[in-house]
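Here is a short report for someone meeting this structure for the first time. Keep the model in view while reading.

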Amino acid sequence: MERTNTRWKTWFPSIRLPTSWRSPKGDGATASSAGAGPVGYLVNHPAGLAGAHGIGYDYVLGAGGVYVQSRSAHLTARVLIAPCAVRGLAPVAGKVQLTHGPIPAALFAVGLCWFQDAPDTERFFAVRWDGRRYRLVVPPQAGTATGLAYQPLAGVVAEFHSHGSLPAFFSATDDRDEQGFRLYGVAGRLDSARPELRLRVGVYGHFAPVDWPQVFDGPEPGVRFPGEHDATN
């Protein structure tokens, strides 16, 4: 067991592993195998998927390139991480799906207001499923204009932090910290009329952008997404 633990620490740095993988019903880009290891490797042939899935996550090779996929009690995701044309293989469909439905936009609006109360200080909040509904969680933390330290939370669905008056972007520090399997968001330009927001899904160190409707139920609460035309910015 000690040898296995060493491998798992390499593939899952500083995160808590899921205990099982369950394939979404009717999903062609999954496979099952007894005695699965931490990481699976699958190839999507026209005749069907071949290979063995992993307990934590899988790499899936299809016609469009390499995907990474995983599933927890709260989130299912499969995202393209290395696009390329692979002749002779079948396509793989990307997906990001929240098990309990999208997060209410009003919940994010509360967190955004909390960010805006301190536009020159980095802050953090998370969203957790309590068994009946999504709830906003704020752990103990200490933020400055350029840094943030907080108590990590287990079992959350999404994490959000602010960059104060700076633009919304995922920094190299964010990439190192956000090594779990969940949704992530960063807000910036909090001193402007319409703050910026970026969203992404993280699959154990692999990242892909996601859109507002994939995460939230309801209109966005006065934020803009970098790249949009905004005459006020």
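## A loop between two strands

Arginine 189 is partly exposed, because its relative accessible area is 27%. The model described here is a predicted one. Arginine 189 sits in the loop that runs between S13 and S14. The phi angle of arginine 189 is near 55°, a positive value in a residue other than glycine.

Leucine 190 belongs to the loop between S13 and S14. Is leucine 190 buried or exposed? With a relative accessible area of 5%, leucine 190 is buried. Leucine 190 touches a set of residues beyond four places away in sequence, including Leu112, Phe115, Gln116 and Pro119. Others that leucine 190 touches include Ser162, Gly164, Ser165 and Pro195. Phenylalanine 115 lies 75 residues from leucine 190 along the chain, yet their C-alpha atoms are separated by 7.4 Å.

Tyrosine 204 counts as buried, because its relative accessibility is 7%.

## The chain as a whole

The protein chain has four helices and 16 strands. It holds 233 residues, and 42% of them count as buried. Among contacts with a separation of 6 or more, 54% join residues 24 or more positions apart.

## Helix H2 and the core

The largest nonpolar core has 36 residues. Those with the most contacts inside this core are Ile103, Phe108, Phe160, Leu183, Val201 and Phe216. Several elements give two or more residues to the core, among them strand S5 (75–83), strand S6 (95–98), helix H2 (105–116) and strand S8 (124–129). Also among them are strand S12 (158–162), S13, strand S14 (196–203) and helix H4 (212–215). Which element gives the largest share of this core? H2 does, with five residues. In soluble globular proteins, nonpolar side chains tend to be buried together.

Isoleucine 103 is one of the residues with the most contacts inside the core. Setting aside residues up to four places away in sequence, isoleucine 103 touches Leu98, Val127, Tyr134, Ala158, Val215, Phe216 and Asp217.

H2 has twelve residues, so at 1.5 Å a residue it should span 16 Å. The end C-alpha atoms of H2 are 16 Å apart, which agrees. Its buried residues are Ala105, Leu107, Phe108, Gly111, Leu112 and Phe115. Why do the buried residues of H2 line one face of the helix? Seen down the axis of H2, they fall within an arc of 155°, so they line one face. An α-helix has 3.6 residues a turn, so residues three or four places apart point the same way. The face of H2 turned away from the buried side carries the exposed residues Ala106 and Val110.

Glutamate 178 is found in the loop between helix H3 (172–177) and strand S13 (181–188). Glutamate 178 counts as buried, because its relative accessibility is 4%. What joins the side chains of glutamate 178 and arginine 200? A polar contact of 2.7 Å joins them. Beyond its neighbours within four places in sequence, glutamate 178 is in contact with His161, Phe170, Tyr184, Arg200 and Phe207.

Phenylalanine 170 lies in the loop between S12 and H3. Phenylalanine 170 is buried, because its relative accessible area is 19% and the cut-off for buried is under 20%. Apart from neighbours within four places in sequence, phenylalanine 170 is in contact with Asp175, Glu178, Tyr184, Gly185, Val186, Arg198, Leu199 and Arg200. The C-alpha atoms of phenylalanine 170 and alanine 187 are separated by 9.7 Å, and these residues are 17 residues apart along the chain.

## Cysteines

A search of the whole structure finds zero disulfides. A disulfide is a covalent bond between the sulfur atoms of two cysteines. The table gives two cysteines.

| Residue | Relative accessible area | Class |
|---|---|---|
| Cysteine 84 | 38% | partly exposed |
| Cysteine 113 | 43% | partly exposed |

How values were computed
Residues numbered from 1 in each chain as written. Predicted model: local features only at pLDDT ≥ 70, side-chain atom pairs only at ≥ 80, totals over all residues. Heavy atoms only, no water. Buried < 20%, exposed > 50% of the residue type's maximum accessible area, 1.4 Å probe, protein only. Polar contact = N/O pair within 3.5 Å; in protein donor to acceptor, adjacent residues only side chain to side chain. Contact = heavy atoms within 4.5 Å. Core = buried A, V, L, I, M, F, W, Y, C linked by side-chain atoms within 4.5 Å. Expected span 1.5 Å × (residues − 1). Arc of directions from axis to C-beta. Disulfide = S-S within 2.5 Å.
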